[in-house]
Amino acid sequence: MMDKAKLLQELLEKEKSGTLKAKDRLAIPAQDIPEQDAEARRRNVSEVALGYTEEQARIEALRCLQCRNTPCVEGCPVRIRIREFIGAVAAGDYRQALAIIKENSLLPAVCGRVCPQEVQCQEKCTVGRSLKDVSQAVSIGRLERFVADWAGSHNGSPQDAHRESGIPAVAPPTGMKVAIIGSGPGGIVAAADTRRAGHEVTVFEAFHKPGGVMVYGIPEFRLPKAIVRQEIETLRKMGVKIVTNFIVGRTRTIEQLMKEDGFEAVYIGVGAGLPSFMNIEGESLVGVYSANEYLTRANLMKAYQFGAGADTPIARSKKVAVVGGGNVAMDSARTAVRLGAEKVYLIYRRTEKEMPARVEEVHHAQQEGVEFHLLQNPKRIIGDANGSVTAIECLRYELGEPDASGRRRPVAIPGSEFQIEVDTVIIAIGNLSNPLIRQTTPGLEFNKWGNIVVDENCRTSMAGVFAGGDIVLGAATVILAMGQGRIAAAAMNEYLARKQGSRSE
Amino acid sequence: MFWAEVEAPLIAQARRPGQFIILSIDSDGSERIPLTIAGVHSERGTIELIWQRVGKTTAELARLQAGDAIANIAGPLGEPTHIERFGTVVCVGGGIGNAPLLPIATALKQVGNRVVSILGARDKSRLILEDRFAEVSDELIVCTDDGSYARKALVTEPLQEVCQRDPKPNQAFVIGPTPMMKFCCQVTRRFDVPTQVSLNTIMVDGTGMCGGCRVEVDGAAKFVCVDGPEFDGHKVNFDLMIKRLNAYKKQEQQAYDQYRQHRCQIGL
Ligand SMILES: Cc1cc2nc3c(=O)[nH]c(=O)nc-3n(C[C@H](O)[C@H](O)[C@H](O)COP(=O)(O)OP(=O)(O)OC[C@H]3O[C@@H](n4cnc5c(N)ncnc54)[C@H](O)[C@@H]3O)c2cc1C
Ligand code: SF4
Ligand code: FES
């Protein structure tokens, strides 16, 4: 393998002399991200992907063709100016790169790690298209992560690179109070953006730790919690008040917050938060978990340290079946591996191609020894006299006609039942919306799936109440939640400015 | 049995009978456990908690001194008890279950029910809140399993007698250990007396997010923390619930043993 520093040197010289042509760029090898060894990481919860070195990042950035039409930006839900930030990385100006990303995205260290780039920006990338392989596209996500991590280690905090303190500037106080309900990615962005406009902002979080799914769902080995903590710390330093153990709807209702406590605008970002079960026989047996419960015990409550500093127990499983094919399923399966399971089976009723999980996570799961059982789906769960799981009975499926989503519909093959011996079953087939806000907020409009209805500015049916993220979109993604948090904040700032204006008249 | 009055003004203000809280003693590594709100002092902004030392967290809680802080308390959780004027109501409490039952009995009395309370405990030392039940009950029957105090009987015995009366009670409320609630429901079912039970399952978040607290009610899965904690006792699958409650017995015992051993070693 050619020395990276030397390769970079050569490429930079060629670029400088104007001889680095598109075909030369296309010939640069795509840079793999260094990873922890698959065997070693089965036994720890440290991050799997280790991040690019500076040389790797710049070489990868030089693969970018600097397309005039920037198709990648079309694929990005928040329209990051990708070409420009990658150009800055190639030039070694990471500060500038960060500033460009930050124009559109507040949490690059998170998004660089968890966005499904292969169906967003990277899917559209000309390099991947030319090489007829989306895995050969410019690794935009890894570059984003590199820039954010670089800032994290050079600035104390990956915040606005223009300011030495790393803390975004806050406008003079407006004297108006904003309540943000839920501290997931949407809530964090909405809080930052409304605070920047000078409002007095309070984030209410039901759990004892802020961060939403980023702390209780997505595992440490994929998203180190230190990153989320740092983002929350930045909010605090900006003067945002964060109140944990506060369940809106129970501790106080939205109506009380607005009528009695003086909050003039509210953002609802409470996430999906209601686990779907399959409604099959045996789902209440001991050893059957929702992915939410399994991951919360493992991540938030640190059950992997049970008896060594953590008091929350989790099943000590030998054979685990995980049902589902999304990120949540992969995270559950890989967590089970790390908790010491000997066999982890992932049962999914379609094929690998239809899996909604990020490709990288699918590969990581396979490398870590998770066995995929595709075109299969559970029919019932079987238990012993103590009510503990002993096996899961599945049916085989085949793919039929495409359904409304364009994916081919899986059809059960009659009489194909078979059993797999397991002691734990984790149901990871998705989340519905938690009904608490609906039950306690008369006047707020929901659709038939229990999601809050909003307009294009994230305004709900109630004046002064805005919403975004999974409670609006259904279980979606971090970047879409962030995007809505930003849109909502802009609408809230405008709403409050108008309110203030009409008051001073 | 331990008792504490805890400053939690927002919870004290919002809480209604039948609701509970979830607490953890510190933020890193500590377990989250549900405890019912046994009482409230609105003027002081405090709530009353009563618990039994059964594992590491309840033991740690028992060691706190007046003035100490509990890092996290969230609530009030669960649906409040449906209180109405039923007529004659029989309230059956077992052991620690007397604590959550008291505010319910009090509220039932306040709206004009005739309240017959039956309190049971394993022995005299484990009987709690007798005096306070005396204040809110029209009739109070106390029994202990071993006869060390009052009548020697399980609560199902006086419950059956009360149900045999003419007219029979219009409604029953039963809170206590799960097997006790199961057997009480068998009695009231025989006499066709509608019965509310308050379930105390294992919980994690308490907001409906995890499903760990689910029980089978009338064949369907229900979440105790949001759909409950009270359910129609005649429809609850108690046998399955008891099995689920035991899911972590071994590990909980291990945590508690480690904790006690550790304290012995450092001479506490
Ligand atoms: C295991 C798992 C893995 C995932 N992996 C990925 C991935 O790789 N990439 C990706 O893009 N997305 C992923 N997602 C989805 C992504 O995490 C969510 O789409 C995103 O977090 C939604 O953000 P949100 O702002 O809606 O709030 P959430 O992150 O859902 O947070 C909502 C917060 O509100 C709090 N809350 C709820 N009700 C109340 C209340 N009544 N009062 C106060 N607070 C309340 C909750 O406790 C929570 O902290 C994953 C999700 C899960 C569960
Ligand atoms: S599409 Fe790919 S090559 Fe073109 S500007 Fe975007 S990242 Fe660069
Ligand atoms: S405790 Fe998690 S849903 Fe009830």
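Colleague: Let's start with the ligand. How far is an oxygen atom of ligand 1 from a polar backbone atom of A:Gly212?

Modeller: Bear in mind that this is a predicted model. A polar contact here is a pair of N or O atoms within 3.5 Å. For A:Gly212, a polar backbone atom sits 3.5 Å from an oxygen of ligand 1. A:Arg222 brings a polar side-chain atom to 2.8 Å from a ligand oxygen. With A:Val248, a backbone N or O atom is 2.9 Å from a nitrogen of ligand 1.

Colleague: And how much of ligand 1 does the protein bury?

Modeller: On its own, the ligand exposes 1,000 Å², and the protein buries 94% of that.

Colleague: How many residues surround ligand 1, and which are the closest?

Modeller: A residue counts if one of its heavy atoms is within 4 Å. Here that gives 34, and the closest are A:Val114, A:Glu205, A:Arg222, A:Val248 and A:Asp470. By type, the shell has 18 nonpolar, eleven polar and five charged residues.

Colleague: Which helix supplies the largest share of that shell?

Modeller: H17(A), with three residues. Helices H12 (185-196), H17 (327-338) and H21 (478-504) of chain A give at least two each.

Colleague: Where does ligand 1 lie relative to the domains of chain A?

Modeller: Domain 2 (177-273 + 433-504) and domain 3 (275-431) both contribute to the shell, so the ligand lies between them.

Colleague: Over to chain B: how many helices and strands are there?

Modeller: Chain B has nine helices and 14 strands. Its radius of gyration is 18 Å, close to the 18 Å from the globule rule for 268 residues, so chain B is as compact as a globular protein of that length. Of those 268 residues, 56% are buried.

Methods
Residues numbered from 1 in each chain as written. Chains lettered and ligands numbered in written order. Predicted model: local features only at pLDDT ≥ 70, side-chain atom pairs only at ≥ 80, totals over all residues. Heavy atoms only, no water. Polar contact = N/O pair within 3.5 Å; in protein donor to acceptor, adjacent residues only side chain to side chain. Areas by Shrake-Rupley, 256 points an atom, 1.4 Å probe, with all protein chains shown as cover. Helix = DSSP H or I, 4+ residues; strand = E, 2+ residues; numbered from the N terminus. Nonpolar A, V, L, I, M, F, W, Y, C, P; charged D, E, K, R; others polar. Domains from an automatic or database assignment. Rg over C-alpha atoms; globule rule 2.2 N^0.38 Å. Buried < 20%, exposed > 50% of the residue type's maximum accessible area, 1.4 Å probe, protein only.
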